[in-house]
Amino acid sequence: MTPPALQQIFDEAYHLDPYATYARLRAEGGVHPVALPDGSPVWLVTTEAEVRAGLTNPLLSVNKKHAGPGFKGFSLPPALDANLLNIDASDHMRLRRLVSKEFTPRRVEQLGGRVREACELLARRVHDRVVSTGEADLVADLAAPLPLTVVGDLLGVPEKDRDPFASWVGAMLEPKSPQDVAAAIAHIHAYLLALIALRRREPDGNLISGLITVRDEQDRLDENELLSLAFLILMAGIDNTQHVISSGVLTLLRHPDQLEALRADPDLLPETVEELLRHTTPNHTAIRRFPTTDVKIGDTVVPAGDTVLLCLASAHRDPTRYPDPDRFDIERPDKTHLTLGVGLHYCLGAPLARLQIRTALDVITRTFPRLTLATPAKALPWRRTFRSHALKQLPITLSPAP
Ligand code: HEM
C-alpha cells in the first residue's frame with residue numbers, strides 16, 4: 001500500500017495556537033497522517049470518540065516492540081525502558097500492583113498536610129520575591145518546585161539532588177539538540193543507579209527503599225524494572241503536574257469572572273481542578289500506541305506497527321462531545337475528561353496530581369488576592385516541543401490595593 005501523504009502541522013501557527021490546528025483537523029476527520037517535527041510519520045487521532053476508544057483498544061499496544069521502522073521515540077537504555085508505559089498485560093499488572101498501594105486516594109490524602117506545608121512555604125517565597133523585586137515567576141518559584149518536592153519526598157530523593165534531576169528532565173523533554181537528549185538520559189540513568197545504591201546502603205522507608213526490599217528479599221521485580229519504575233514515577237510525577245498548575249493559574253487570570261467565583265466559594269475548587277484538567281490538558285501528542293495488527297480507527301485503517309498518537313487536548317475541544325468546548329467554565333455540568341488517561345494505564349498518580357493542583361490553587365488564590373500577570377499573555381513563553389503544551393515562565397506581580 002502506498003503510504004499516505006503526510007500533513008506538516010507543527011508550524012509556527014501550531015505553536016501559537018494548537019487548538020486552531022486541531023479544530024481544522026477535526027472538521028476534516030478524526031484520524032490524520034502527520035509528520036512529526038523530526039519527519040517521522042504518525043497517525044494523529046483528534047476526535048473525542050476515537051481518542052477515548054483508542055485508550056482502551058486492546059489492539060493498540062504501548063510496547064515499542066510493536067513499533068515499525070518509522071518510529072523514532074526516545075532511545076532509552078533497557079534499564080529505563082522496562083516501565084509501565086512500555087509494557088502490556090500481565091507484566092504490567094504485576095508491576096503496577098507493586099506500587100499502586102502507595103498512590104491510593106486514602107494514602108495520598110495522608111500527604112495533604114505535607115503538600116500544603118510545601119506549597120505555603122513556596123507561596124511565601126513568591127510573596128517575598130515580589131516585594132523585593134516587583135515580580136516572581138510562578139513556574140520557577142512554585143509550580144515546578146512543588147511536585148519536585150512532593151515526588152522527591154515520596155521516592156526518597158535527597159534534596160540536594162532534586163534540582164539537577166529536574167534540569168536533566170527538562171533537557172530531555174525540550175532538547176536544544178539530539179545530543180542533549182542522549183546526555184540527559186545518560187545523566188538520569190547514572191543518577192538513578194547511584195540513588196538505588198544509596199538506598200540499598202541507607203534505606204529511608206520511602207518508595208525506592210520499599211521497592212528495593214521487594215526486589216532483593218522477595219524477587220518480585222528485576223533490577224531494570226526497579227530502575228524503570230523509579231524513572232517513570234519521577235518523570236511522570238514532576239512534569240505534568242507543574243504544567244497544569246502554571247497554565248491553570250494563567251487560565252484563571254484570563255477568566256476573571258471564574259476566578260472571582262472560585263474566590264467567593266472555595267467549595268468550587270474540585271470542580272475548578274476538573275475543568276482545568278479538561279480545558280488546559282498538558283498532554284497534546286505524548287500518548288502513543290502501536291497497532292499489533294491492522295486496525296480500524298474511525299473510518300481509517302491504520303497498518304500494524306505504525307505510530308498512533310492520541311491527542312487528548314484535541315479530544316477535549318471536540319464540539320460533538322462538549323457544548324461550547326473552548327469555553328472555560330467551572331460550572332460546566334459534564335467535565336469528564338481523558339487528561340489522566342483511561343483503562344489499564346490510567347494515571348497512577350491521579351489522586352496525587354489532583355491533591356497538588358487543588359492545594360496550589362487554594363494557597364495561591366488565598367495568599368494573593370491581587371495576583372496579576374507581569375507580562376502580556378501573548379508574550380508568555382511556551383515549550384516548543386510538540387508533546388506537551390507547557391508554560392516555561394509565568395511572570396506575576398501584585399496589583400496595587402484599590
Ligand atoms: C496533572 C498531572 C498528570 C497528568 C496530566 C498525568 C497524565 C497521565 C496519563 C495521560 C497517563 C496514561 C498514559 C497512557 O495511557 O499512555 C499517565 C500514566 C501514568 N502516570 Fe500520570 N499524570 C499526572 C501526574 C502524575 C503523577 C503525580 C504521578 C506519580 C507521582 C504519575 C504517574 C504516572 C504513572 C506511573 C503512569 C503509568 C501508569 C501505567 O502505565 O499503568 N502521573 N499519567
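This briefing describes the cores, the ligand shell, the sheets and several individual residues of the structure above. The model is predicted, and every value below is computed from it. Its largest nonpolar core has 67 residues, and 25 residues surround the ligand. Helix α13 (residues 223-254) contributes the most residues to that core, and α13 also gives the most to the shell around the ligand.

**Nonpolar cores**

- Within the largest nonpolar core, which has 67 residues, those with the most contacts inside it are Leu138, Leu146, Leu155, Ala230 and Ala360.
- Helix α13, spanning residues 223-254, supplies 13 residues to this core, the most of any contributor.
- Once neighbours within four places in sequence are set aside, Leu155 is in contact with Asn206, Leu207, Ile208, Ala230, Ile233 and Leu234.
- Apart from this there is a second, separate core of 25 residues, which includes Val31, Trp43, Ile297 and Val308.
- In soluble globular proteins, nonpolar side chains tend to be buried together.

**Surroundings of the ligand**

- Of the 25 residues that surround the ligand, the closest are Gly237, Asn240, Gly341, Cys347 and Gly349.
- Sorted by class, the shell around the ligand consists of 16 nonpolar, eight polar and one charged residues.

**The five-stranded sheet**

- Five strands form an open sheet in the order β1-β2-β8-β5-β3, and the pairing in this sheet is mixed.
- Strands β1 (31-35) and β3 (60-61) stand at the edges with a single partner strand each, so one side of each has no neighbour in the sheet.
- Strands β1 and β2 pair in the antiparallel sense over five bridges, with Val34 standing opposite Val42 in β2.
- The hairpin of β1 and β2 has five residues between the strands, and in this hairpin Gly39 takes a positive phi near 90 degrees.
- Strand β2 is also joined to β8, by three bridges and in the parallel sense, and Leu310 in β8 is the bridge partner of Val45.
- Strand β2 is mostly covered, in that four of its five residues are buried.

**The three-stranded sheet**

- Another open sheet has three strands in the order β4-β10-β9, with antiparallel pairing.
- Strands β4 (136-137) and β9 (371-373) are at the edges of this sheet, each with a single partner strand, so one side of each is left without a neighbour there.
- Strand β4 is joined to strand β10 (residues 395-398) by two bridges, and the two strands run antiparallel; across this pair Asp137 stands opposite Pro395 in β10.

**Individual positions**

- Leu148 lies in helix α9 (residues 145-155) and counts as buried because 23 other C-beta atoms are within 10 Å.
- Not counting residues up to four places away in sequence, Leu148 touches Arg162, Ala166 and Ile238.
- Gln393 is found in the loop between β9 and β10, and it is partly exposed because it has 15 C-beta neighbours inside 10 Å.
- Leaving aside neighbours within four places in sequence, Gln393 is in contact with Asp137, Val139, Ala140, Leu380 and Pro381.
- Gln393 and Ser247 are 146 residues apart in sequence, and their C-alpha atoms are 9.8 Å apart in space.

**Positive phi outside glycine**

- Ala89, although not a glycine, has a positive phi of about 55 degrees; Ala89 is found in helix α5 (residues 89-100) and is exposed, with 11 other C-beta atoms within 10 Å.
- Asp324 likewise has a positive phi, near 45 degrees, in a residue other than glycine; Asp324 is located in the loop between α16 (312-315) and α17, and it counts as exposed because it has 8 C-beta neighbours inside 10 Å.

Methods:
Residues numbered from 1 in each chain as written. Predicted model: local features only at pLDDT ≥ 70, side-chain atom pairs only at ≥ 80, totals over all residues. Core = buried A, V, L, I, M, F, W, Y, C linked by C-beta atoms within 7 Å. Buried ≥ 20, exposed ≤ 12 C-beta atoms within 10 Å, placed from the backbone. Contact = placed C-beta atoms within 7 Å. Near = placed C-beta within 6 Å. Nonpolar A, V, L, I, M, F, W, Y, C, P; charged D, E, K, R; others polar. Pairing = 2+ DSSP bridges.
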